[in-house]
Amino acid sequence: MNSKSPQQKQSRQPIRDNAAELLLIGRVATRDRTALEVLYKSYAKRLARFLDRVTRRQDLVDEAINDTFWIVWKSAPDFRGDSQVSTWVIGIAYRCTLKALRRSGLLGSDQIVPSGEICSDFDPFVDNELTNWVACGLQHLPVEQRVTIELAYYLGHSLAEISSIMDCPVSTVKARMFHARMKLRNILPRLAAAESGTHHE
Amino acid sequence: MSDSTSMEAIRDARHRQIWELIPWIVTGHAAEAECETVRVHCLHCSNCADELRFQQALQLEMAKESGRDFDAERGWARLQRDIEIRSDDDGEEVLELSRRRVRPALRLRQVLAIMAVEALVLGLAGATLLHGSGRAGQPYQTLAANAQTPRGATVRLVVSPDLSIAQLATLLRSLKMQIVEGPSDLGAFALAPIDFDSETEAVVARLRATPGVRLAEPIH
């Protein structure tokens, strides 16, 4: 076997205390702005990075985050705790982002980076370029596939959580993940070798 | 593993099952039994082992905190301001509508909602921005009412009285925008781009994110 053993690892999702967040949501529902501020600041930076990777537009990120927490503010009284608070918040952010992309004419254009732009200028064996190279590859995916893989690999959500966030069946998440992986294999063929530090071709 | 080889491999049900499990193995969401299934399979399947290695490498890179920094303090200030402005029962609808051109076909309820938010904005901006006295009893006016939009104007702007002229000038310079009219009786400026390349939506978004900006909206 050429690869490392698939040891079970700790989920990469940052540890969020759902019980504590539920209390915050309860306070937000009573129009407690301090609670909203705590919630906002605990999510904003990571959420912004996630949305920046998806949209590549600072103005859309600002808009989507603002709209997300406006909806959290407005809808907190209706939140029944059927899902984790983080799943609920990220789901709202996802829908706000789609709305912002649609308004900007970017949704439906299939990809934000023109298909002719290939990520070949990077040398994946130079460590500080590797992350940019991967980011460039991701920009070639359609939005839905990019969101799926970012939710899994950056935000660390499970299959069921992604299905809930994107409001689609698990089978759709699997299909999006599958197509994203196939495309990335073509776009970033040397990634595994670069990570292990050995040329593999 | 070449693309065609991958496709052939995953056509087989067993390989397909392993392929589906790999991302959740990589992220730590798979059950122990699933991890063991993949481990055993990869001992004698180089294609799936390659895929596992590729996904581990990809996840490692994607998990890194890269990308632009977000100014949470500024974002929070903007959200607070928006809550003040939007906190009426129809807030979300008003938000959506205020971002779009008001079309003649709008329902009366929507038009009233827009007028309500404009009234609220004017109320906030009003006391000091507008002429202070002698306005009681005058008919209500929206920002766009009777507006003879100057040629080239793309954005309507109302600022807080706390924003100094120097700050406003710096802000507009950074956006490559210039005042082509205003302040109107209602305190609104009309802005036009210095560069033809300026994107109105982006300018409006930046203005809205700036402390001291009460209202920024595209002029259609």
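At what angle do helix α3 (residues 32–44) of chain B and helix α4 (residues 46–62) of chain B pack? The angle is about 120°, and their axes lie 6 Å apart. Here axes are lines fitted to C-alpha atoms, for helices over the stretch in contact, and angles run from 0 to 180 degrees between N-to-C directions. That angle makes α3(B) oblique to α4(B). As for the wording, under 35 degrees is roughly parallel, over 145 roughly antiparallel, 65 to 115 roughly perpendicular, and the rest oblique.

Who does the touching? On the α3(B) side you'll find H41(B), C42(B) and H44(B), and on the α4(B) side S46(B), C48(B), A49(B) and L52(B). Contact means heavy atoms within 4.5 Å. Sorted by class, this contact has four nonpolar, three polar and no charged residues. Nonpolar covers Ala, Val, Leu, Ile, Met, Phe, Trp, Tyr, Cys and Pro; charged covers Asp, Glu, Lys and Arg; the others, Gly among them, are polar.

**Before going on**

This is a predicted model, in which local features need pLDDT of at least 70 and side-chain atom pairs count only at pLDDT 80 or more, while totals for chains, interfaces and linings use all residues. Residues are numbered from 1 along each chain as its sequence is written, chains are lettered from A and ligands numbered from 1 in the order in which they are written, and side-chain values use heavy atoms, with hydrogens and water left out.

**The two chains**

Chain A has nine helices and zero strands, whereas chain B has nine helices and four strands. Helices (H or I, at least four residues) and strands (E, at least two) are DSSP runs, numbered from the N terminus. Along its sequence, chain B reads α-α-α-α-α-α-α-β-α-β-β-α-β.

Buried means under 20% relative accessible area, exposed over 50%, and partly exposed in between (1.4 Å probe, protein chains only). The pLDDT is the predictor's confidence in each residue, from 0 to 100.

| Chain | Residues | Buried | Mean pLDDT |
|---|---|---|---|
| Chain A | 201 residues | 54% | 81 |
| Chain B | 220 residues | 46% | 73 |

Take contacts with a separation of 6 or more: residues 24 or more positions apart account for 68% of them in chain A and for 60% in chain B.

For the complex, the predictor gives an ipTM of 0.79 and a pTM of 0.61. In chain A, 76% of the residues score at least 70; in chain B, 65% reach 70 or more. In chain B, the α3(B) helix from the opening comes out highest at 93, while helix α6 (residues 91–98) of chain B is lowest at a mean of 44. Where pLDDT is low, the predicted coordinates should not be read in detail.

**Inside the model**

A nonpolar core is a set of buried Ala, Val, Leu, Ile, Met, Phe, Trp, Tyr and Cys residues joined through side-chain atoms within 4.5 Å. The largest one holds 84 residues, and F69(A) and I149(A) touch the most other members. Not counting residues up to four places away in sequence, F69(A) touches L36(A), L39(A), Y40(A), Y43(A), L47(A), V89(A) and, from chain B, L79(B). A second, separate core of 16 residues includes L157(B), V159(B), L171(B) and F189(B).

Is Y153(A) buried or exposed? Y153(A) is buried, at 0% relative accessible area. This residue is found in helix α6 (residues 143–153) of chain A. Its contacts beyond four places in sequence include M177(A), P23(B), V26(B), Q55(B) and L58(B).

Most residues other than glycine have a negative phi. R31(A), though, has a phi near 70°, and D167(A) has one of about 55°. R31(A) lies in the loop between α1 (18–29) and α2 (33–55) of chain A and is partly exposed at 40% relative accessibility. D167(A) lies in the loop between α7 and α8 (170–187) of chain A and is exposed, at 67%.
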